Amino acid sequence: MTMSVKKRKVLTTVFTVFKYLVLVVGSFIALAPVVVCVFTAFKTEEEYNTTSVLALPKSFAYFENFKVALEKANMLRGFFNTAVVLVVVLTASIFIGSMLAYVLNRFQFKGNGVIQSLFTFAALIPGIATQVTVYQIMYSLGLINHLYGYMIVLMGTDIISIYIFLQFFENLPVSLDESAIMDGCTYFGVFFKILFPLLKPAIVTSLVLKGVGVYNEYYMSNLYLQDSNLKTISTALYVFTGPYGNRYNYICAGVLITIIPIFILFLIFQKQVYSGMAAGAVKG
Amino acid sequence: MENVKSRAKEKWLVIVVFMFVPLLLLLVFTYVPFFKMVEFSLYKMKYIGPRTFVGLKNYADVFSRGECFRSLFVSVYYMAGAIIQLGLALFLATMLVFRTKGSGIFKGAMFFPYLICGIAIGFIFKFFYARGFVLDSFLQMLGIKLEDIPLWLEEENINNISLAATSVWRYTGQNMILFLGAMMSVDTDLYEASDLDGANKWHQFRYIILPSIKSIVVLNLILSISGSLSAFEPPYVITNGAWGTGTYFVIMNRLAHENQKVGLACAMAIVLLAIIVACTVAQNLFFKYAFDDGTADESKAAARKRKKAEKEAKKAAKGGR
């Protein structure tokens, strides 16, 4: 008896050591490529040419590379554009998604099922695939090279928030609506006064998923915003495939500039990000 | 009576007002392009200028043209990567489900790559794999000679593995968070109870953890098929499809926007969509038949049924009053 207890204790210790080893190695692999970029971004021209890429920079107070990256890639402009797009698109998709979900979930009418299937099928079509023909439509509507055109197309391909809201409405009891209507509330009132404030968790989830998607979106931004003043943060970064293609000290600085804002947001909203991920996954 | 009528009117007003914008967007940016895509796929055409009807020739070309067919083959590397990634994610999540000091830091570190934009990931790994840079320096530090190290991006027997690895790096942490979320939904008392009953870690994994996450694992396995075919940014930035690393989307993008072979690109898109629809159908069938044993999805369906029954009961009660 004592023997087997001892044996189990040893096994548990072995497992614990193994576990931490695995987690440390995993975290190292996840972080190392980025950390090397941090080193490189702070190196002077001379250090970059002479020292090993794995060596620490002399000082972390050398910002020349960041300055060059910001200028060459016009990244401040990119940040500004991305910020505008994020605010407008996220706000719009919260209203669009929640209003549509309210109607589809709460009202029985002819065509309800058909509309839901249309959205489900649309979710299967991969975004990049349809851009060949979306490009033509954007062109004929005169939406190319306008920030608002890009915003509209981002709203139009937003299926994920609709799903999240639909799912959330399923779990909001109908009795809420009914008692409000008894009290003389209109349907508009029910939605905006009673239900919308309750949607907060779903709003956070869709903000996280949609926010990450929009911040990182490259393909459509590249197609529809070709004017250099309209570049978003990811298309601005793409400039580094050109003449600066092997100046990795600048490139690493540029990469870090795009990572830093999302890193800070992640540190603040870690919990919401994880739960948003989990909620988004259930939909499938 | 008057009241009921105005209610019905208001209901329709709400329906129309709330659905107008999303339906318009859905039509203009999904369904019109979709049907146009089907139409274009039957023509040999550019964006501007005359077009000739070629029937199904573009579809035949998707499977017979070297670069297109090859790109389907390239996505097999990404699929293999996806399977490794799911395995790793499952393994790491299992490690983290047991009480761990500093689990927040481990989770954060491994999840973070998911938040980096695809273009930045491309640059990070272009730098990582470039001759004499990060990976080579690291291997040299371990005592391997530079001439024994392959050219990670140029040598065709290894470059797709290098590129697929960037996908694994990017998504493993996110998968891990998903699995961990599902595992955490298990009542933690079960672990303690099973500990007392003498279950070891393997038993706990096999009989408590695995059943709680199998639906999400299968879901991700199926999603990884369309994900592999859709791999785009890293190969686009790192090699731009050179040295036989063109993924399906990289090739499609080149055909559509550089070579202006619009018809062929549309046919490729339709083929991709067909594969995705097939996967989705397979997924639904799988869930229907494989999980009929009272676990995850079954209970969800049961819960839905119960809720519906409750709703109806409530309605009936109201009608009776």
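Mentor: Helices (H or I, at least four residues) and strands (E, at least two) are taken here as DSSP runs, numbered from the N terminus. On that basis, Asn145(A) lies in the loop of chain A that runs between α6 (127–140) and α7 (147–156). The model is predicted, so local features need pLDDT of at least 70 and side-chain atom pairs count only at pLDDT 80 or more, while totals for chains, interfaces and linings use all residues. Residues are numbered from 1 along each chain as its sequence is written, and chains are lettered from A and ligands numbered from 1 in the order in which they are written.

Asn145(A) has a phi near 65 degrees, a positive value in a residue other than glycine. For burial, a residue is buried if 20 or more other C-beta atoms lie within 10 Å of its own, exposed if 12 or fewer, and partly exposed in between, with C-beta atoms placed from the backbone. Asn145(A) counts as partly exposed because it has 14 C-beta neighbours inside 10 Å.

Now the chain around that loop. Chain A has 14 helices and zero strands, and its pattern along the sequence is α-α-α-α-α-α-α-α-α-α-α-α-α-α. Of its 284 residues, 39% are buried. The C-alpha trace of chain A spans about 80 × 75 × 35 Å along its principal axes.

Two residues are in contact if their C-beta atoms, placed from the backbone, lie within 7 Å. In chain A, 75% of the contacts between residues at least 6 apart in sequence join residues at least 24 apart.

Chain A is assigned domain 1 (2–50) and domain 2 (65–283); such bounds come from an automatic or database domain assignment. The centres of these domains of chain A, taken over C-alpha atoms, are 35 Å apart. Six residues of domain 1 and eight residues of domain 2 take part in the contact between them. On the side of domain 1 of chain A that touches domain 2, helix α1 (residues 2–41) gives the most, with four residues. That side has four nonpolar, one polar and one charged residues, where Ala, Val, Leu, Ile, Met, Phe, Trp, Tyr, Cys and Pro count as nonpolar, Asp, Glu, Lys and Arg as charged, and the others, Gly among them, as polar.

Further along chain A is helix α11 (residues 200–216). The expected span of a helix is 1.5 Å times one less than its number of residues; the 17 residues of α11 in chain A should therefore span 24 Å, and its end C-alpha atoms are 24 Å apart, which agrees. The buried residues of α11(A) include Val208(A), Leu209(A), Lys210(A) and Asn216(A).

Chain A also meets chain B. The contact takes 67 residues from chain A and 70 residues from chain B. Helix α1 (residues 2–40) of chain B gives the most to the chain B side, with 19 residues. The residues on that side divide into 53 nonpolar, eleven polar and six charged.

Chain B itself has 13 helices and two strands, and buried residues make up 40% of its 321 residues. Helix α5 (residues 118–129) of chain B has twelve residues and reaches 16 Å from its first C-alpha to its last, close to the 16 Å expected. Eleven of the twelve residues of α5(B) are buried, so it is largely enclosed by the rest of the structure; among them are Phe123(B), Lys126(B) and Tyr129(B).

Helix α7 (residues 159–184) of chain B is mostly covered, with 22 of its 26 residues buried. α7(B) bends by about 35 degrees at Tyr171(B), the bend being the angle between axes fitted to the seven residues ending there and the seven starting there. Leu178(B) belongs to this helix and is buried, with 23 other C-beta atoms within 10 Å.

Asn240(B) is partly exposed because 15 other C-beta atoms lie within 10 Å. From Asn240(B) to Ser185(B) is 55 residues in sequence and 42 Å in space, C-alpha to C-alpha.
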